[in-house]
Amino acid sequence: MAGRPRFLCGVVEGFYGRPWSMEQRKLLFQWLKRWGLNCYMYAPKDELKHRLLWREPYTEHEAACMQSLIEAAQEQGVEFVFAISAGQDMVFSSAGDRLLLQQKLRQVAAMGCHSFALLFDDIDPCMCQADRDVFPSLAQAQASVANEVYRELDQPSIFLFCPTEYCSSLCSPSPSQSCYLLTLGQELLPGISVIWTGPKVVSQELSATLLEEVEGVLQRRPIIWDNLYANDYDCRRVFLGPYTGRAPGLMPRLRGLLLNPNCELQANFIPIHTLGSWFRSELGSCAHSDHAGKETAAALGDSQGPQEGSYSPQEALELALHDWVAEINRQALEPGGRTPGQPSISLKGGTRLQPSTAGGQEVMPDAQPHDSVPSVADQDGPEPCSVAPGEGRKKVTSEPEKGSESRTPTGGRQSPTGDGDQLTTGSRESCEPSSALPSTAGSAQSTGTSVATETLHSPGPPMCCSNGANTSQNLPLPTSDARTGGGSSPQPPSSTQTEVSRADMPPKPPGPGACTSPGPPAPLTDEVGASPGPTAPLTPEETGSSPMALLTLEEAGSGPTVLLTPKEARTSPTAPLTPEEARFSPMASLTLGEVQMLVELFYLPYHHGPLAQHLLEHFRWLRANSLSVGVPATAPDDCEGMQWRGRAQSFQLLCAQTCRLHSHFVSSASRALLYDLHPYLWDIRNMLLAASAFVLWLDGHLLCDPDPKGTWGSCFGWCQSITAPILLGGDAEPWARRGGLFGELQALLPVGNSCDLFCHPPPLFPSSQLYLLHPLLPPDKGELYRMCQESLNCDPKVAEILAAYPDLLGDRLLGSFLSLSPEYTFVLEDEGGPCGYAAGALCAEGFLQQRDSSWLPAMRHKYPRDLGAGAPALGQDALEEALLFFHTEPPAVPLPVLRRFPSLVQLGTAPRVLDVGASRSLAICLLSALRANGSRGVFCQVSAADQQQLSFYSKLGFVALPVAWGISPGARLLGRLL
């Protein structure tokens, strides 16, 4: 057994998208050594000279960089395997192509590399005519090239071959009956190892039975290319959970196992750490039977962690979590390691707030032209995300269509590399961000050290109002502690503790035994609507065993759902810091509980973590049982309504906890970690802002029409019918479940089918600002009116008029909605109070009639027509525009518009709102509420001269309606379907 080659276990950089930098790879080598792993394969799909331009030799500078990388790996005791992917356009029968391939590999061998791999994955299986004239099959052509290269390199001890059929799902009809694999097994020289990914491209499980079948066909033990953590097929997913799903005792059936991880290096700490735990466990179990090879004793002696017994993913995760927390905080303390969160700003002046101004400004510098090839020094641009596989014949994502030389990305991710030694990468279209809204805050944004955000007060329950046919229940509205008086800063939403009981989790999938923390993963469901029945009662265990479960009936009470108070947040010793606490330590380190939350939000491709599963279970149940708190109202002591409110409170707790995690993560994480993981956490934060506010709105505002046509029930039936990927069977690859937790939450919203509402690149400069989004509350009107007035820069003369008529601008922008349709108004808050609103009217025709007949006459009496007369002055135009609106007979909206777009909307934010995600969440809330009550389209009025409004609404999917309408020729009507 002394001559048996050692088992290779490590990482393959084999994903599509932006390759890692040289410095990132050197950090990876340190991780591999620390955790007892021994191999790294260089195979970045989008490195030009690895795949597309494989024939071209490396330049002198590139060769020096590659040699430095090889030496760095060898210094850490890591086997460096150089892979080349020549199959896309290689003519197998061409002596010239064969010579170029051999010369390329000899160049790398001269740099000190001793291990190689030849990859023929993700290529067209059809040979050209020249090859068909020479070779009877593709397998024989590939084997001929591989054997020749293997001999030319003097038969290295490690030479890997990736076949075109690299998993069971790509074999026809099965691996044991595949003519392609049978031919490779017979033709390849014995010293060449064959790569295999398992039953599927991304295999949920690996079993000894399947590996025995593959070994018999290939006549050699395969080496696993494990895509469990590959995320390049979905730019909204990242996987932070423990290595799992691999049966114990696999090592005797394998030549090695290489993990193809997340595209973001910093996201791979736990995956690689737990892979090391698995490897040590396998070595320990093989040591007594002498299956592990020559390196067993050394690996056991130098590595850390448990060395005996079967591998437990949960125990490995616990160990990895503690190490990752220490690593995160160590990186944050390094010079230049931390990127301060964007300070929160309170503006008392600035650009006027337009009726439909939606903030969300962000700075988006163009680091490099989108059509240029990144140079050695400009590797800090946005990282592209690749398209999902079209034909299923991809290792982890799709290649360009035949004849295409680039892929169109679907989202943006930034990852600063800070390294000048990156090999040239392919020219590919980056995820071009939408043009940022022009800043209206001017110099208000600070670039200094981060300022801890203020806390936001928990507002009271949503306001329930009657309007026309809406007979919503009038419930008591507590107001004593909903706001702090005298202009004091509101307080933030609270959070629950992070260490929670898992008593109400569904049964965990097969895996190693009991571990109390972290909780077991929950398998992804195949149905969006999977939830308890609409009237399923909750057991006492479900209601009281976990802070993530619903509250008891006594705790829920018979009143409407209420938001949390800061006091409730502080009672949890493991909860994230409140902004008041952070003020004294703005650089406070992330805690173990917060890092565990992060992992549970982004777990594994086939399983959700406990936190993500609780969020989905609560939201599904609340949606399925929403009619119990709808309109017409049920009895005050109705048990179903009490259960619903208890569960809504629990859901709100989790949403607030996650939003606070995002805020603390931005202000505490290192620069590298922040730019790798912030886009994913930002997406979830935005989604939960909208979902939490929408759940609060459901309590007392959902119409329970006996005729379900066009309302809640049929709405969700329609949404589910077009989210087909989530309804696929259990054998589907993970890219069928687009978006992971984000995608499943999106599908549960009434506007979840409108993907354009949810797609926006993350900000280049993350903000730690803490936002709260909720339906309109009684105290909100005065603060919203103050927000409208404070947003206007004006002359002292105009300010004197506004002081005498403080409600003038507020009435112009919001008055009609707050008076006639308050149940469709949402408020965005930051530490300074309300900073944005979204207002709407379900039936625009009736709303406009009521506005013109009763509300406008009252405004004409309240504000005299000659109030704004005088010489031109700063702010005079806003004053005159408001008076003109009150005293001019408004034009009628064309009837075709009202029939096709029956609802009216209006959005506005203060200039200090610089987070586009918060603005979009505000819009999603309103559109979800309108869609839930049957609206199929919305419209708004925008000035043709206001490019900021036009840009924002266009990004939300609004288009200009081809009708002539408006007070002035410059007015436009914009509309979108729901």
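Is Asp122 buried or exposed? Hold that thought for a second while I say what we're looking at.

This is a predicted model, where local features need pLDDT of at least 70, side-chain atom pairs count only at pLDDT 80 or more, and totals for chains, interfaces and linings use all residues. Residues are numbered from 1 along each chain as its sequence is written, and side-chain values use heavy atoms, with hydrogens and water left out.

Okay, back to Asp122. It's buried, at 6% relative accessible area; buried means under 20%, exposed means over 50%, and partly exposed is in between, using a 1.4 Å probe and protein chains only. Asp122 sits in the loop between strand 4 (115-119) and helix 4 (129-132). When I say helix or strand, I mean DSSP runs numbered from the N terminus: H or I of at least four residues for helices, E of at least two for strands. Asp122 isn't a glycine, yet its phi is positive, about 55 degrees. Asp154 also has a positive phi without being a glycine, about 65 degrees. That one is in the loop between helix 5 and strand 5, and at 65% relative accessibility Asp154 counts as exposed.

Pro173 is in the loop between strand 5 (158-162) and helix 6 (179-187). For background, most residues other than glycine have a negative phi, and most peptide bonds are trans.

Zooming out, the protein has 28 helices and 19 strands. Of its 978 residues, 62% count as buried. Take contacts, meaning heavy atoms within 4.5 Å, between residues at least 6 apart in sequence: 82% of them join residues at least 24 apart.

Now helix packing. The axes of helix 16 (residues 610-624) and helix 20 (residues 740-748) come within 10 Å and cross at roughly 10 degrees. Axes here are lines fitted to C-alpha atoms, for helices over the stretch in contact, and angles run from 0 to 180 degrees between N-to-C directions. So that pair is roughly parallel; the rule is under 35 degrees for roughly parallel, over 145 for roughly antiparallel, 65 to 115 for roughly perpendicular, and oblique for the rest. On the helix 16 side, the contact includes Leu615 and Phe619, and on the helix 20 side, Leu741 and Leu745 are among the residues involved.

Compare helix 3 (residues 95-110) and helix 5 (residues 138-152), which pack at about 40 degrees with their axes 10 Å apart. That makes helix 3 oblique to helix 5.

What about the cysteines? Cys655 is in helix 17 (residues 639-668), and it's buried at 1% relative accessible area. Leaving out residues up to four places away in sequence, Cys655 touches Leu615, Leu688 and Ser692. Cys655 and Leu688 are 33 residues apart in sequence, but 5.6 Å apart in space, C-alpha to C-alpha. Cys235 is buried too, at 7%, while Cys639 is partly exposed at 38%. If you count a disulfide as a pair of cysteine sulfur atoms within 2.5 Å, the total is 0.

Last stop, helix 28 (residues 947-955): 7 of its 9 residues are buried. Among those are Leu950, Phe952 and Tyr953. The buried residues of helix 28 pack against strand 16 (903-909), helix 27 (916-932), strand 17 (937-943) and strand 19 (971-977).
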